[in-house]
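Trainee: Can we go through a protein model together? I would like to ask about its parts one by one.

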Amino acid sequence: LKNNSSFKHAYFKKHSHRIMQLFSKKRLWVKLARVGVVYDSRMEEHRSESDNGEEGEHPERPLRMITCWNSLKEEGLLNLLVRIKSRMATQEEMECLHTRSYIEAMEKTATMNRRQLDKVERKYDDDIYLNNSSFECARLAMGCMVEACARVAAGEVSHSLVIARPPSHHACANKAMGFCLMNSIATCAKLAINGELMCHDGCHAEAIERVLIVDFDVHHGNGTQALTWDDPNIVYFSVHRAFESRRRWKERTFYPGTGKSLEVGGPKARGSIINLPWSEPKIGDPEYITCWHRLLLPIARNFKPELILISAGFDAACGDPLGGCDVSPTLYGSLVKPLAELGPVCLVLEGGYNLQVLAEAFPTCARALLNSPPYDDSYLPVVDKCKPSALNDIMETVYAQLPYWPCLGDANAELLRDFDQLAKRLDTVSLVEQTQEDYVQVGSKRTKKKTAPPQEDDSSDSIITSPIANEKFNKPQQVYPATIATATIPEKDQDKTLISDIPPPPPSSK
């Protein structure tokens, strides 16, 4: 440890005796990874007019990134990190995915008055706010992300942390959405694939063949999905809330209303988009760790990414004013740790609007990347602890991705067998209900309804949303055709059925 350059820091000089004593007793000889961090206080200039330090200020405020930075300082982690210099994104980097007209429109906001800025805000989204420094902050956030990814791709650091704002995963090619102005994470993925990642000192990173984007923000990253929709070299995984109410999912969708499990990618990249939408709120630790081990990690190990980009949104944590979930802040380290073992990671701050949660969750992710204890790795993928609705959501995504990722069959063999039995029971119950509906009460007699003869449907695009409602789901080639992304969903199958709601089979006629 004394031969390590990090031992020269004041923190280790002050506590060197206690650290050596602890390591000798507990045998915690750990080799720390070389992790970079990017932070620039100029991004604090992006703020709404209500950000005056009082109650009722905008949830996406400068205190978010200040809290993340101070938490690294207070826990002594900043001395273990390598500081990466921040920079502005170049014009070529911004135009990689965003249209030139949109960039020019955002650039003009630097000289607008308040009335003109309000008009631009209403043009894009209700959740967007702008001031004269917003475009510069968005450009700086993208530049910091590109710089951190370039350092990781060049091998100068093993992983990197990016504390930047405004966030990025909702921003589209020509539209700002959901607090986001420029999509930094999708831009970095495209630049890495094209071999165009450049450091500020001219260091050039080689082209990367496979990039994995993991988005655990409670809101779906519709912008990132749209910008990487038809790229087979980029796999995008998102776990998010989809519906405010399960019974009325049409009327009450969770923002932004996208990210269904049947959205699997463009014609050239089937299976490159993996969405896990939670159909109910109050999702907690068992559900997240189960979806990690049952869905994400088998795909990630099979894909073998050369670069992993994480949209780290902490608004699914318990106590967040916008998320409505019950994830423990310490769980995020257990989500990041297995990804760091698969390849180099670049983690960027997205959502998360509870400052106390940010102060606890962000250092946990830093420890996981540093390979520095303590981090909570005691969670086990126990299916029995999952909510029935959450397990149903996970298996719907598994069935949607099974034709493109056969490795999911090995990871979920037991559950697939159980769902096979449940599907047969559900088919029997549906047959009885349909038979009862075919008859109508006329006076004291029951007569059969007069219905038109059924018409044959030769279209192969119609599919069933819930695989447990179809006894043919064990034949992927029939249930999930090649045109799955543009398939229409019959109205009779839009009502999802929970596992716990499936009644036992009716008694036989004997």
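What follows is a set of questions and answers on this model.

Mentor: This is a predicted model, in which local features need pLDDT of at least 70, side-chain atom pairs count only at pLDDT 80 or more, and totals for chains, interfaces and linings use all residues. Residues are numbered from 1 along each chain as its sequence is written, and side-chain values use heavy atoms, with hydrogens and water left out.

Trainee: How many helices and strands are there in the protein?

Mentor: Helices (H or I, at least four residues) and strands (E, at least two) are DSSP runs, numbered from the N terminus. By that rule the protein has 15 helices and ten strands.

Trainee: What percentage of the residues count as buried?

Mentor: Buried means under 20% relative accessible area, exposed means over 50%, and partly exposed is in between (1.4 Å probe, protein chains only). The protein has 510 residues. The share that counts as buried is 53%.

Trainee: How are helix 9 and helix 10 placed relative to each other?

Mentor: Two packed helices are described by the angle between their axes and the distance between the axes. Axes are lines fitted to C-alpha atoms, for helices over the stretch in contact, and angles run from 0 to 180 degrees between N-to-C directions. The axes of helix 9 (residues 285-303) and helix 10 (residues 331-340) come within 10 Å and cross at roughly 10°. Angles under 35 degrees count as roughly parallel, over 145 as roughly antiparallel, 65 to 115 as roughly perpendicular and the rest as oblique, so these two helices are roughly parallel.

Trainee: Which residues of helix 10 make the contact with helix 9?

Mentor: Helix 9 brings Asp 285, Tyr 288, Ile 289, Trp 292, Leu 296 and Leu 297. By class, the contact has nine nonpolar, no polar and one charged residues. Ala, Val, Leu, Ile, Met, Phe, Trp, Tyr, Cys and Pro count as nonpolar, Asp, Glu, Lys and Arg as charged, and the others, Gly among them, as polar. From helix 10 come Leu 331, Leu 335, Pro 338 and Leu 339.

Trainee: Is Lys 304 buried or exposed?

Mentor: Lys 304 lies in the loop between helix 9 and strand 7 (307-312). Its phi is positive, about 55°, although it is not a glycine. At 57% relative accessibility, Lys 304 counts as exposed.

Trainee: Which residue does a cis peptide bond join to Arg 165?

Mentor: The omega of this bond is about 5°.

Conventions. Contact = heavy atoms within 4.5 Å.
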